[in-house]
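Have a look at the model, then work through them in order.

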Amino acid sequence: MESGTPDRPADPERDEFDPDEVAALALARDRVLERIERASRRAGRDPGEVRLIAVSKTVPAERLRAAVAAGLTQLGENRVQEAVAKAPLVPGASWHLIGPLQSNKVRLAVETFSTVETVDGTDLAARLDRIAGEVRPGRRLPVLLQVNVDADPAKAGFDADVLREAMPQFGDLRNLEMRGLMTVGRFAVTAEAARPTFVALRRLSERLRAVSPALGGELSMGMSDDFEVAVEEGATTVRIGRTLFGARPDAGG
Ligand SMILES: *Cc1c(COP(=O)(O)O)cnc(C)c1O
């Protein structure tokens with residue numbers, strides 16, 4: 001796994017984690033789960049319907065072992081290579097791809113991630129389908145279709161109208177399981193300002209599912225600054241980084 005150090009003796013530290021870190025991350029997790037629970041209740045929803053993805057980009061593997069011990073077992077990464085490097089060092093985690101997927105990384109992604117949340121084109125979907133059939137025959141790969149509901153030129157994702165027209169093509173992709181939709185909201189100064197984006201994704205999901213029942217009802221939406229509003233509007237997955245792990249070293253994605 002580690003290149004360049006074939007003769008390195010087994011290092012017990014590699015499989016360990018810092019107990020203080022586990023306690024701190026367990027507390028952060030409890031607080032987020034409480035906030036999800038309160039937002040769910042406000043909307044008359046069952047909090048058990050909301051999956052927490054801990055967005056672990058830039059967080060080193062050692063700290064992620066503590067996160068898994070603290071119950072944060074579903075991790076989200078936006079770079080394929082970073083997840084490929086960390087995954088063998090973090091037993092017990094499952095990985096969601098939440099960043100752009102280039103066609104030359106599809107095989108690595110299928111080998112590493114349990115779910116690809118960022119299918120944003122029909123060519124990418126077809127390629128994922130083909131490679132999933134090779135890498136994991138008989139086990140369909142769960143995917144979400146990423147939608148740019150705000151038509152924000154800075155964001156990836158299907159245009160809603162394009163997606164509507166493309167839906168019939170997905171019916172042939174036997175190695176993918178279309179679990180639902182994902183969006184990255186536009187930058188909003190307040191959480192409330194993100195609400196129209198979340199409402200739009202939910203309504204789009206309802207319209208698409210009325211004509212394409214194979215599309216699942218998952219809605220991955222909401223991040224640190226706006227996840228409670230997302231839960232109020234029907235999120236089934238929230239993707240939270242900074243509120244769990246603290247500020248990232250750089251402000252970038
Ligand atoms: C970084 C990232 C997140 C998490 O953002 P935070 O503000 O740290 O909670 C969620 N979704 C995507 C797609 C991201 O890139």
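This is a predicted model: local features need pLDDT of at least 70, side-chain atom pairs count only at pLDDT 80 or more; totals for chains, interfaces and linings use all residues.

**Exercise 1. Work out how Glu37 and its partner Arg41 sit in the model.**

Start with Glu37: its relative accessibility is 35%, so Glu37 counts as partly exposed (buried is under 20% relative accessible area, exposed over 50%, partly exposed in between, with a 1.4 Å probe and protein chains only). Arg41 comes out at 53%, so Arg41 counts as exposed. Next, check the contact: the closest N and O atoms of Arg41 and Glu37 are 3.2 Å apart, and the two form a salt bridge (a side-chain nitrogen of Lys or Arg within 4 Å of a carboxyl oxygen of Asp or Glu).

Residues are numbered from 1 along each chain as its sequence is written, and side-chain values use heavy atoms, leaving out hydrogens and water.

**Exercise 2. Find which parts of the chain the Arg35 salt bridge with Glu228 ties together.**

First, the distance: the closest N and O atoms of Arg35 and Glu228 are 2.8 Å apart. Then the location: Arg35 is in helix H1 (residues 19-42) and Glu228 in helix H8 (residues 227-232), so the pair ties together parts 193 residues apart in sequence. Last, accessibility: Arg35 is partly exposed at 25%, and Glu228 is partly exposed too, at 22%.

**Exercise 3. Is Glu233 buried or exposed, and what does it pair with?**

With a relative accessible area of 13%, Glu233 is buried. Glu233 forms a salt bridge with Arg195, and their closest N and O atoms are 2.7 Å apart. That pair links distant parts of the chain, 38 residues apart: Glu233 is in the loop between H8 and strand E8 (237-240), Arg195 in helix H7 (residues 195-211). Now zoom out: both belong to a salt-bridge network that also includes Arg42, Glu192, Arg202, Glu206 and Glu232.

**Exercise 4. Count the salt bridges in the whole structure.**

Searching the whole structure turns up 20 salt bridges. As background, side chains of opposite charge can pair when their charged atoms come close.

Note on methods
Helices (H or I, at least four residues) and strands (E, at least two) are DSSP runs, numbered from the N terminus.
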